[in-house]
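Open the model in your viewer and keep the selection panel at hand. The stops below run from whole chains down to single residues.

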Amino acid sequence: MVVEQNASKWQEFKKGFVKNWQLYVLMLPAITYLFIFCYIPMYGVQIAFKDFYANLGIIKSPWIGLEHFRRFFRSYYFGRLLKNTVMLSGYGLLLFPLSIIFALMLHELKNEKYKKTVQTLTYAPHFISTVVLVGMIKIFLDYPDGLFNHVAVALGRKPTSFLTDPQWFRHIYVWSGKWKSLGWGTIVYLAALSGVNPELIEAAKIDGATTMQRIRYINIPTIWPTVVVLFILQIGNFMSVGFEKVLLLQNNLNAETADVIQTFVYRTGLLQGQFDFAAAVGLFDSVVNIILLVSFNYFARRTSEHSLW
Amino acid sequence: MGRNSHGIPDKTFDIINNFLVFIITLIVVYPFVFVVSASISDPMAVSTGKMWLWPVDITFNGYRKVFANDNIWIGYRNTIFYTLLGTAMHLAVLLPMSYALSRKGVMGKKFIQWFVLFTMMFSGGLIPTYLVVKNLGMLNTVWSVTIPGLVGAWSILVTKSFFEANVPEELVEVARIDGASDFLIFRKIALPLSKPIIAVMGLFHGVSMWNQYFKAMIYLSDRKKYPLQLFLREILVINQVTEEAGGVIESLMEQVKTAAQIKYAVIIVSSLPLLLIYPFVQKYFVQGTLIGSIKE
């Protein structure tokens, strides 16, 4: 009986496969890519638990258990890296509502042409590369000839060397990022807002609701699910920060606040060649990200009925 | 939104709102205006703060220097090549995959979807990926900047839902009954219907290829292969202007002045293509962001 059933299942499997073989061929390039460039690295992450020798390769290098993790957690850098990463991401999260507020403001603009123009103009920074953004930051914050210092001097203050002062790094990083993403970030919310039922708005107007009341009782609840989903997604990247930008903004003088886990991975791994140790640090980062993502999603599902899955 | 703000009359609200939006827009736009003006102003006027909005003592020296710089041309050529090649490959891998996944009743579809989705949640990280690229002998080749990051779970899932919504299942069934193969259906029915998603995905990938520096920095060692962003990094971030125009030896003061001017000009020269194109294809970007945000 069982054998027969298995045989017919196998037949079914074969039939299904043969019938759609061309569809599998269509999938093949992408699956091959994902396998080689996503799954093999996942397999390769085992060097985090090994004493890796390039000539022995990943498989033959001897296991050393949690040695690299122990070394990382005990190192002088660990506290500083963790603090910097958390502070930078946390600061970014604090500014998360700005795009929402800006979207709510844009939605209330009566003049369509004005609204379109504002949108096009505020989307522009999104298309600037990280290198150019950092270049512009350096120009504007230059000591002593940058625009910010000219304004400071005009206001009777002393010029500041913003880029080498650890106190300024977080503000520079986070606010320049907001400048780049503020407009672009409104797109999703504006789309959600355009889905508001016009009858509801008419009814609210007839009942004498002010604009502020409409925003509070109709618009904000409308975009709330979108807000929750985007917030969870951002939490899921909490530990990654925008490390390509941090790397460009970093220098020996501001490292005290500008050194984050990902730049540490880059430095120890690719510049100093400690592949195994750096892989361990990177793995720590990914694991924390997953834990945050899953737990916030759980929390969101429990408290607001909106979640990623 | 304070508690008593509900009392604000609508007229007042509109005035304040319009005004604030105006100010925010100014803040966003101002740096661009400044850079454009600075790129054609006398460097002395810029560094002393005399130039703050409109150009002062107009000169095109910065642009002349930029165009005389071989690195910029090499970088530009490489970037265009990487962007076109990378985007073409991206679409060639993405579209068939997404189409096949959009079809109903494909055996193992659930599993394959999980296979895709999981890459979004967990990755081996920088070092293991680097080792794969290295072990495949791709270091310092075109492939190292075009293949890693070729296609991601997000684009596959978004494109798949586009196909689901835009290629009617009945049409596919009829074609199949008429004896059309899946290859043919993909080519003759699905692809012609998918122009908007091709535009969206192509533009997204193209922009990220154009602006990408990190992969090139870790994988490429030959300066002849550098994309524009790496030369920009040298000029803008690590302050190193390799003078290759040759000929006249300038005084140190003169050099410092031109270095500053080159920075402004190079920002414009490198960002202009995208800044000029995007207003015309804005609707595709907006659409893409939207399809991507729709939760299934």
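The tour starts with the conventions, then goes through interfaces, salt bridges and backbone details.

This is a predicted model, in which local features need pLDDT of at least 70 and side-chain atom pairs count only at pLDDT 80 or more, while totals for chains, interfaces and linings use all residues. Residues are numbered from 1 along each chain as its sequence is written, chains are lettered from A and ligands numbered from 1 in the order in which they are written, and side-chain values use heavy atoms, with hydrogens and water left out.

**Stop 1: the two domains of chain A**

Select residues 2-60 of chain A as domain 1 and residues 78-304 as domain 2; the bounds come from an automatic or database domain assignment. Their centres, taken over C-alpha atoms, are 37 Å apart. Seven residues from domain 1 and five residues from domain 2 make the contact (heavy atoms within 4.5 Å). About 490 Å² is buried between the two domains of chain A, 79% of it on carbon and sulfur atoms. Buried area here is the accessible area (1.4 Å probe) that two parts lose on being put together, summed over both.

On the domain 1 side there are five nonpolar, no polar and two charged residues. In these classes Ala, Val, Leu, Ile, Met, Phe, Trp, Tyr, Cys and Pro count as nonpolar, Asp, Glu, Lys and Arg as charged, and the others, Gly among them, as polar.

**Stop 2: the interface of chains A and B**

Now show both chains. Here 96 residues of chain B are in contact with 90 residues of chain A, and the buried area is about 8500 Å², with carbon and sulfur atoms giving 77%.

Helices are DSSP runs (H or I, at least four residues), numbered from the N terminus. A:Lys110 counts as exposed at 58% relative accessibility, whereas B:Asp14 is buried at 18%. The cut-offs are under 20% relative accessible area for buried and over 50% for exposed, with partly exposed in between (1.4 Å probe, protein chains only).

Then move to A:Ser286 in helix 17 (residues 275-304) of chain A. A:Ser286 counts as buried, at 13% relative accessibility. Leaving aside neighbours within four places in sequence, A:Ser286 is in contact with B:Phe122 and B:Ser123.

**Stop 3: salt bridges within a chain**

Over all chains, the search finds nine salt bridges. Select A:Glu108 and A:Arg214, which pair at 4.0 Å, N to O. A:Glu108 is in the loop between helix 6 (97-107) and helix 7 (112-123), and A:Arg214 is in helix 13 (residues 211-235), 106 residues apart. Both A:Glu108 and A:Arg214 are buried.

In chain B, select B:Arg103 and B:Asp182, with their closest N and O atoms 3.0 Å apart. B:Arg103 sits in the loop between helix 4 (70-102) and helix 5 (109-121), and B:Asp182 in helix 10 (residues 182-193), 79 residues apart. B:Arg103 and B:Asp182 are both buried. Back in chain A, salt bridges with shared partners join A:Arg80, A:Asp259 and A:Arg267 into one network.

**Stop 4: backbone details**

Most residues other than glycine have a negative phi, and most peptide bonds are trans. Select A:Tyr143 and A:Pro144, joined by a cis peptide bond with omega about 0°. A:Pro144 lies in the loop between helix 8 (130-140) and helix 9 (147-154) of chain A.

Continue into helix 9, where A:Leu147, A:Asn149 and A:Ala152 are buried. The buried residues of helix 9 pack against helix 8 of chain A together with helix 1 of chain B. After helix 9 comes A:Gly156, with a positive phi near 85°.

Finish in chain B at B:Asp57, where phi is near 50°. B:Asp57 is in the loop between helix 2 (43-47) and helix 3 (61-68), and is exposed, at 53% relative accessible area. B:Asn140, with phi near 60°, lies in the loop between helix 6 (126-135) and helix 7 (142-146) of chain B.

Notes. Helices (H or I, at least four residues) and strands (E, at least two) are DSSP runs, numbered from the N terminus. A salt bridge is a side-chain nitrogen of Lys or Arg within 4 Å of a carboxyl oxygen of Asp or Glu.
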